[in-house]
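Thanks for coming. I will go through one model today, one region at a time, and keep it short.

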Amino acid sequence: MSETAATTANPLLVPWQTPHQTPPFSEIAPEHFLPAFEQAFADHTAEVTAITHDPSVPDFDNTVTALERSGKLLNKVSAVFYDLVSAHSNPAILEIDKEVSLRMARHWNPIMMNAVLFGRIAMLHENRANLRLTAEQMRLLERTYTRFHRSGAGLSEEAKKRMAEINERLAELGTSFSHHLLGDEQDWFLELGEDDRAGLSDSFVAAAKAAAEERGMAGKAIITLSRSFAEPFLKSSARRDLREKVYKAFVARGDNGNANDNNEAIVEILALREESANLLGYPTYAAYRLEDSMAKTPEAVRGLLERVWKPARARALADRDELQAMIAADGGNFALAPWDWRYYAEKLRQAKANFDDAAIKPYLSLDHMIEAAFDCATRLFGITFAERKDIPVWHPDVRVWEIRDREGKHKALFYGDYFARSSKRSGAWMTSLRDQQKLDGETAPLIINVCNFAKGAGGEPALLSPDDARTLFHEFGHGLHGMLSNVTYPSLSGTSVFTDFVELPSQLYEHWQERPEVLQKFARHYQTGEPLPEDLLQRFLAARKFNQGFATVEFVSSALVDLEFHTQPAAASRDVRAFEQAELAKIGMPAEIAMRHRPTQFGHIFTGDHYAAGYYSYMWSEVMDADAFGAFEEAGNIFDPATAKRLHDDIYSTGGSVDPEAAYVAFRGREPEPDALLRRRGLLETPKVA
Ligand SMILES: [Zn+2]
């Protein structure tokens, strides 16, 4: 085959003739990726070489803007590839992923450590006050300089060589970490016979049947290790033996001593991160990582986490005693174990708030909650949604909507991929197939939300738990950050912000989901269409603050262990399990609660460096989101137009073009007030317990 023929045959290398130039998924096969990546790497390298060989004096346009224009094909191919890797993989894709992650590191290293390129950027940065740049250009120059500097572009040749090796190895390790986790999740399931369903709701059993069907076991019912299965099971199954089985499998993911074990990878990742931080002149990886964040230092992160930890732990211990008393009152003669907590907490909640998740689920159908999320965005930001059936997707369950602005102008496409399946990794996330920018004309974004909700079986609609509904709004909040983005330069687009700021738009959006105004309108019974009865709504809202000690403890312990992994010498965590236990003992972790993510399944911090020493970010952002929603409450209207306009102009549309602290103050008129977080979680009044 001639080279031209090969090129025209590869759908990743030709302009897409689809509506809005979306990826033609049905034409793309695994074998197209490696040649497309090779072409994309070559193009990108040539573009960067043109910048470094440019004989004219460096200026903003021929250096920084030229860099922003480079790598278009690489972005295009990568976006499609990583969407499939995470949302719909197969053995061929995962095999290619191993090769691509290494090739990617090998491609980026010489660019990010290119002395000539860095010299041009540094010269502009030095002279930035005289360049007559717009505010966005100034921010872009600063971010570009910082990115190169922090990648080691200013190091000696010898140090750069070592950095390159480290980056390559870290890329391999991160990829195998996520493959292992997926492997352990794919391998495990528990079949639920008729006798094994005590306590489970009809909708749960229906979902378990759908899961069996998806794995080729039609007629049976199984539960998998997806969080959407494991947590509701632990909450409702009356079979203590099965709860123990599921709990143990869930917390053991990546820690089973089999081919998917992640312990060794963690040890090596931490050692390499420490070495790279040292090469760059930082005492620890956390110090390196946090310098480029809102928090700035490990001490600031620890300060926030410890402040929350104390009241959360006290609340959890008080709750534990109450749960133990409940077991005794039930005639149980055993000590509360980790696999009992959710079950008895749910019973206690039913007793106290007269509310259980199963009662509200019929009112939270997936379709109604999608409608609710869209409607809030329409009322806040004036955008409208219309489903499109003509956009190619990667799996038949994926739905696509077109978003238009107030004037009816096309703004974005939104892809929703909501159901759990074995080809999808666990969790929920937002990503994009194309980012908003207007460097060379308007580019409209293609934004994706992926979730792992249990599908309804036998044609029944999918029903969400309150946690699922909140996740839907969370990811949609990220989605809005991408869709409402209004910046010129691609690297500042949408969610390209500090990790401890990125959860603000998502967590803030969750607030609307639990408002009576929204639930009254959209929480309708999936069979009868009846609105959520007022007393159930009130009990639901009252129950929201329930078990917050547990939720806060499982989160903060994970964040603290993440921080310790990256602050202490890597040698201290050579035995990962021992390190985990020692750190948890140090903070007085209640024995009946596990970390939300134990180390071997802590994909946030080990599959890549995005959340490494950064898991605290959710809580950092929560300080802001709890405080930010107060602006609407103070205005007396959760859709107050003036507040919504500021929210759009200062937060959702600015991407990384503005300093996050300045963006927040512009929106709120002041710094966030930190107690809002404790108040929201109901942790301001501390129970009197050790
Ligand atoms: Zn998020």
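Let me start with Thr63, which is buried, with a relative accessible area of 0%. Keep in mind that this is a predicted model. Thr63 sits in helix α3, residues 60-69. What does Thr63 touch, not counting residues up to four places away in sequence? The answer is Ile51, Pro58, Arg120, Ile121 and Leu124. To place it against the next region, take Ala428: it is 365 residues from Thr63 in sequence, and the C-alpha atoms of the two are 37 Å apart.

Now the sheet. It is an open one built from five strands, ordered β3-β4-β5-β7-β6, with mixed pairing. The edges are β3, residues 384-388, and β6, residues 429-434; each has a single partner strand, so one side of each is left without a neighbour in the sheet. On average, neighbouring strands here are turned by 30° against each other, ignoring direction.

With β6, strand β7, residues 446-453, pairs in the antiparallel sense, over five bridges. Two of the residue pairs can be named: Arg434 has Leu446 of β7 as its bridge partner, and Ser432 has Ile447 of β7. With β5, the pairing of β7 is parallel and runs over six bridges. Phe419 stands opposite Phe453 of β7.

How many of the residues of β7 are buried? Eight of its eight are. In β7 both faces are covered. On one side there are Leu446, Ile448, Val450 and Asn452, and on the other Ile447, Asn449, Cys451 and Phe453, all of them buried.

Helix α4, residues 72-87, touches β5 (410-419), β6 and β7, and its direction makes about 150° with that of β6.

Next, the metal site. Which residues are the protein donors of the zinc ion? They are His474 and His478, each through NE2, and Glu503 through OE, lying 2.1 Å from the zinc ion. The spacing of the donor residues in sequence is H-x3-H-x24-E. Both histidines, His474 and His478, belong to helix α18, residues 466-483, where they are four residues apart, about one turn of the helix. His474 and His478 are both buried.

On to the helix packing. Two packed helices are described by the angle between their axes and the distance between the axes. For helix α17, residues 366-381, and helix α19, residues 499-513, the axes come within 10 Å and cross at roughly 105°. That makes α17 roughly perpendicular to α19. On the α17 side the contact is made by Met369, Ala373, Cys376, Ala377 and Leu380, and on the α19 side by Tyr509, Trp512 and Gln513.

The largest has 126 residues, of which Phe476, Leu480, Tyr509 and Trp512 touch the most other members. Leaving out residues up to four places away in sequence, Tyr509 touches Ala373, Cys376, Ala377, Leu380, Phe473, Phe476, Gly477, Leu480 and Tyr652. There is also a second, separate core of 34 residues, including Leu12, Phe37, Phe41 and Val398.

That is the end of the tour.

Notes
Residues numbered from 1 in each chain as written. Predicted model: local features only at pLDDT ≥ 70, side-chain atom pairs only at ≥ 80, totals over all residues. Heavy atoms only, no water. Pairing = 2+ DSSP bridges. Axes fitted to C-alpha atoms, helices over the stretch in contact; angles between N-to-C directions. Contact = heavy atoms within 4.5 Å. Core = buried A, V, L, I, M, F, W, Y, C linked by side-chain atoms within 4.5 Å. Buried < 20%, exposed > 50% of the residue type's maximum accessible area, 1.4 Å probe, protein only. Donors = N, O, S within 2.8 Å, 3.2 Å for Na, K, Ca; no water. Parallel < 35°, antiparallel > 145°, perpendicular 65-115°, else oblique.
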